[in-house]
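These notebook entries record what I looked up in the model, in the order in which I consulted it.

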Amino acid sequence: MSERRACKAIGCCRMTMRYQTTRADEAGVRQRMKAIAQERRRFGYRRLHVLLKREGYVINHKKLFRLYREEKLAVRRPGGRKRAIGTRAPMTVPMAPNDRCSLDFVSDQLTDGRRFRILTVVDDCTRECLALVADTSLSGIRVARELDPLVIERGKPKMVVSDNGSEFTGNAILTWADRNRVAWHYIAPGKPMQNAFIESFNGRLRDELLNETLFTSLAQARVALRCWRTDYNDARPHSRLGWKTPSEFAFTCHPRRDLALRYAQGSAPAPVATTAQPGKSNSWGELRTG
């Protein structure tokens, strides 16, 4: 069958059958594009186009995009920011001072609009406020530096609880925890109720001080925070501590004695009926047959 009859039979144009492509060989561009994409994995096809033009390759960005897709190249979207690997086991209730401490940040602003942050540290057992550090920037290195005086003054806590903020998941905090041999517990992402002690304290701090005071300078904010921390620890009664102040509760807290008094009579419920006397039968308690 001739070409004319074959094209007529399949409905194809003879110009299409005789067409000869004039495209240049794209092997060199493909190889160089893949090499740059492997070296710079976060660059898309537009940035690759600019780099190829700098090297002397003359190619349209639409054609480069076609080659980019044919080579199955793509910029993968990150699956989320890095998080430190921490324990996810349920936390025990702190029974003694310095058993567990909680950390978090609170933000506020000055009258001129400048923002500043406050690092809050609380003892979960005694509810004492251990530190209130205010500054315009608080990095992980600064947090580790502020924790060192607390360790010297009170000793090392058994556990520290925090969220997954970048200040707490950086290498500075991980190194500090490893050097001091302190267990660092990260709450589940999006679950602030797992850090309820510090969240409650932050609410009291914002309600009683931050929302009631206008700060004109960072120095004034630091003085106000120092005075409020002293009042909170030594004068403010705490409802969960039997209306004692945190300092008073910490001074009178004796975990071993309190635990012994709590279970002096035992933890089992009292019996419903009295114990039968030896040698006597309780006819009312016996099962009757028949």
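**Entry 1. Terms and overall make-up**

I note that the model is predicted. I looked up the secondary structure and found 12 helices and 5 strands in the chain. Of the 290 residues in the chain, 34% are buried. I also looked up the contacts with a separation of 6 or more, and residues 24 or more positions apart account for 59% of these.

I traced the strand order and recorded an open sheet of 5 strands, 3-2-1-4-5, with mixed pairing. Strand 3 (129-135) and strand 5 (183-186) are the edge strands, as each pairs on one side only. On average, and with direction ignored, neighbouring strands of this sheet are turned by 20° against each other.

For background I noted that strands of a sheet pair through backbone hydrogen bonds, either parallel or antiparallel. In which sense do strand 1 and strand 2 pair, parallel or antiparallel? I found that strand 1 (residues 100-109) and strand 2 (residues 115-123) pair in the antiparallel sense, over 9 bridges. In this pairing, Gln 109 stands opposite Arg 115 of strand 2.

I then looked for helices against the sheet. Helix 6 packs on the sheet and touches strand 1, strand 2, strand 3 and strand 5. The direction of helix 6 makes about 155° with that of strand 3. Helix 10 (residues 218-234) lies across strand 2 and strand 3, and runs at about 170° to strand 3.

**Entry 2. Helix 6 against helix 8**

I looked up the packing of helix 6 (residues 140-154) with helix 8 (residues 171-180): the angle is about 25° and the axes are 8 Å apart. Helix 6 is therefore roughly parallel to helix 8. From helix 6, the residues in this contact are Gly 140, Ile 141, Val 143, Ala 144, Leu 147, Asp 148 and Val 151. They meet Ala 172, Ile 173, Trp 176, Arg 179 and Asn 180 of helix 8. Sorted by class, the contact of helix 6 with helix 8 has 8 nonpolar, 2 polar and 2 charged residues.

**Entry 3. Trp 176**

Is Trp 176 buried or exposed? Its relative accessibility is 2%, so Trp 176 counts as buried. Leaving out residues up to four places away in sequence, Trp 176 touches Ala 144, Leu 147, Asp 148, Val 151, Val 182 and Trp 184. I also checked Trp 176 against Ile 141: they are 35 residues apart along the chain, and their C-alpha atoms are separated by 9.2 Å.

**Entry 4. The nonpolar cores**

I looked up the largest nonpolar core, which has 22 residues. Those with the most contacts inside this core are Leu 103, Leu 119, Val 143, Phe 168, Trp 176 and Trp 184. At least two residues each come from strand 1, strand 2, strand 3, helix 6, helix 8 and strand 5. Which element supplies the largest share of this core? Helix 6 does, with 5 residues.

For Leu 119 I listed contacts beyond four places in sequence, among them Leu 103, Phe 105, Leu 132, Leu 138, Val 143 and Phe 168. I recorded a second, separate core of 20 residues, which includes Ile 118, Cys 129, Leu 218 and Leu 225.

**Entry 5. Loop residues**

I noted as background that most residues other than glycine have a negative phi. Lys 72 has a positive phi of about 60°, although it is not a glycine. Lys 72 is placed in the loop between helix 5 (61-70) and strand 1. Arg 181, likewise not a glycine, has a positive phi of about 55°. Arg 181 is in the loop between helix 8 and strand 5. The relative accessible area of Arg 181 is 75%, so Arg 181 is exposed.

Lastly I looked up Thr 245, in the loop between helix 10 and helix 11 (246-252). Thr 245 has 10% relative accessibility and therefore counts as buried. Apart from its neighbours within four places in sequence, Thr 245 is in contact with Asn 233, Asp 234, Ala 235, Arg 236 and Pro 237.

Conventions:
Residues are numbered from 1 along each chain as its sequence is written. This is a predicted model: local features need pLDDT of at least 70, side-chain atom pairs count only at pLDDT 80 or more; totals for chains, interfaces and linings use all residues. Side-chain values use heavy atoms; hydrogens and water are left out. Axes are lines fitted to C-alpha atoms, for helices over the stretch in contact, and angles run from 0 to 180 degrees between N-to-C directions. Helices (H or I, at least four residues) and strands (E, at least two) are DSSP runs, numbered from the N terminus. Angles under 35 degrees count as roughly parallel, over 145 as roughly antiparallel, 65 to 115 as roughly perpendicular and the rest as oblique. Contact means heavy atoms within 4.5 Å. Ala, Val, Leu, Ile, Met, Phe, Trp, Tyr, Cys and Pro count as nonpolar, Asp, Glu, Lys and Arg as charged, and the others, Gly among them, as polar. Buried means under 20% relative accessible area, exposed over 50%, partly exposed in between (1.4 Å probe, protein chains only). Two strands pair if DSSP finds at least two bridges between them. A nonpolar core is a set of buried Ala, Val, Leu, Ile, Met, Phe, Trp, Tyr and Cys residues joined through side-chain atoms within 4.5 Å.
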